[in-house]
Amino acid sequence: MLKITDLHVKIIENNQEVIKGLNLEIPDGEIHVIMGPNGTGKSTLSQTIMNSGKYEITHGQINFNGTDLAKLSTDERARLGIFLAMQYPTEIPGIKNADFIRAAVNAMRPKSAQPTVLEFMQSLSKAMDILDIKLDYTDRYLNEGFSGGEKKRNEILQMMMVKPQLAILDEIDSGLDIDALKVVSKGINTMRGNHFSSLIITHYDRILRYVKPDVVHVMMDGKIVASGGIELAKSLEQGGYAQLRDKLGLNIKLVDE
Amino acid sequence: MTELTISEFAKSHGEPAWLVAKREVASDIYCSLPLSAQQRPYQMTNPKLTAVTVNNDNLAPQHLKQQGVIMMDLFAAAQEYPTLIQENLMEKTIPWRDNALNARHLAYLTTGAFIFLPSNTICNEPINLTNFIDHTQLEKHLLIIAGANAEATFTFNDCGTTPKKDCLMVEVLLGDNAHIKYFDENNAKSEYHHRVLNAYLARNATLHTFVGLFNAHNTLYDSSFSLDGEQSEGYLNVVSLGMNTQQQNVNAEIINHGRNTHGEIQARGIVAERAKTNFHTNGVITKNGYGAYSDQASRLLTLDSTSQGQVDPILLIDNYDVVAGHAASVGKVNADQLYYLNSRGIPLRQAKLLLTRGFLLPLIDAFPNEQMRKQMLDKLEGRFNVR
């Protein structure tokens, strides 16, 4: 379970506070969605959970399965079972996709539980099949020259192989056409289970047609301002963020207003 | 064993008189020849000369021997093919009078091999030159001559070198339309290792050299190609790994003398743990080099703040009708890439190793045999003790 209490985060570079008292709880087995206008700190939240080094927690706590994450490095957090599908996956020439995924899979497990090369290749090709990924993918350099859609699929492929307990999917649906969106959703749905939870960060409700969320949160100005079921997302799509803000009586200026 | 003078040594295995005389002159004058600050640590104390046994046989594999290929001891070749050796040994590509190290090398040369490919010889299999010289000697030499239209790939690997200082000089001469590839994996064990590979290219000849400097100690690598013939092409590639206070100096140079010649230098290196690596690359286009192409790219990756790197790209152009360019970078591991690997649970050390491998892989992948590639990657992993 992920539990965030009264979290305040600032950008180290310009000392600006972006997250201003955020509370969030994601129990095991649940899929949560965070929606919100541009510039409200959604990506900052995901990067802070993963410890990207660009942000600093000034107050509050992030707790995962009873462990305070504050003192843990990025790789230690990942090995606790947290996975972040990045909004902009990094290109790394010289490292083959399959080698990278294998290193990630092995990093998550003690030596005795690591799959053999054959077992790994079999489960990789099974996952690639579900995601409709071409075979030559494995020998290509990590994300290098991948299209936007290919990069997103690759993130989901990694998630399926690594099998995290919590997957944070940062705008996994942006830049995807309908077919790719369906495929990516299929990948997320295969992960569903009692020991898997997910936090999906998105701008649109389209992905929610394929991945049914348990809770939808709306984030504005560094805080969660409303939580509810899927109907909350639908009302947003119709009325926009400004309407919701006015309904809640919040005094917040939206970036794109 | 009794210690011999240079002339006694040379005569003991029947070197021709011209070579004995040349060695004696070299020994007399090397002190007065130039020696740069960079070269100074690679000077050796004069080695003790003891008689060596010379094998007079042509050691080329049977199927190559039938095509007229010669692979033999350099001293034996000096007796059998005096004109070829007299004209080419340390005359055309590594002139013995150029500096003190060259002259001493000739004076105290104790092991060498001569490789000759007659015109029109085509060797499909890579030829391993490793066992043609005695690696325990201090001054070692390879002289390779490829006749017109000859084609071959050579590989070389150090084994069992001396613990102090040693030197290997390689000369490659290519006739018209000869195509040679030379892959060199430097595993020298000596504290100061000096390696030279110079080449001369006639018309339409092509030379690709790849050298992996994966040895653990101080190294001076000098390489210079002379693109003399029209439309000759030279590709000079260096991969280096500098760790644990070792110092590496790489001087790579391609001279475009002929018209429409093409030269490319690529160097990639890793430095860590107080190591220091310098890449000096030099592209020279002379007055006659109409239509020449000269390009160089040097990249150094520094893995920690204690390591140093210097990249020094130079273009000297004496003709207006050319295409030339250079790229150079010295930098740290990319923070975004590191974060991405970390976010998948890969610990820092392994992430850096993966990125380092990825950085060198494009050049390592060019090596023709699996065993060499594996050996280099193993070496990288074995010596990689960055935290």
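Let's start with chain B. Take its contacts between residues at least 6 apart in sequence: 80% join residues at least 24 apart. Two residues are in contact if their C-beta atoms, placed from the backbone, lie within 7 Å.

A word on the source. This is a predicted model: local features need pLDDT of at least 70, side-chain atom pairs count only at pLDDT 80 or more, and totals for chains, interfaces and linings use all residues. Residues are numbered from 1 along each chain as its sequence is written, while chains are lettered from A and ligands numbered from 1 in the order in which they are written.

Back to chain B. It has nine helices and 17 strands. Those are DSSP runs, numbered from the N terminus: helices are H or I, at least four residues, and strands are E, at least two. Of the 387 residues in chain B, 49% are buried. Buried means that 20 or more other C-beta atoms lie within 10 Å of the residue's own, with C-beta atoms placed from the backbone.

Next, where the chains meet. The contact takes 21 residues from chain A and 18 from chain B. On chain B's side, α7 (335-342) and α8 (348-364) each supply at least two residues. α8(B) gives the most, with eight.

Last, chain A. Which residues of helix α3 (residues 97-107) are buried? They are Asn97(A), Phe100(A), Ile101(A), Val105(A) and Ala107(A). They cover an arc of only 165° around the axis, so they sit on the same side of α3(A). That arc is the one of the directions from the helix axis to the C-beta atoms. What covers these residues includes α2 (74-79) and α5 (148-162) of chain A.

Technical notes:
A residue is buried if 20 or more other C-beta atoms lie within 10 Å of its own, exposed if 12 or fewer, and partly exposed in between; C-beta atoms are placed from the backbone.
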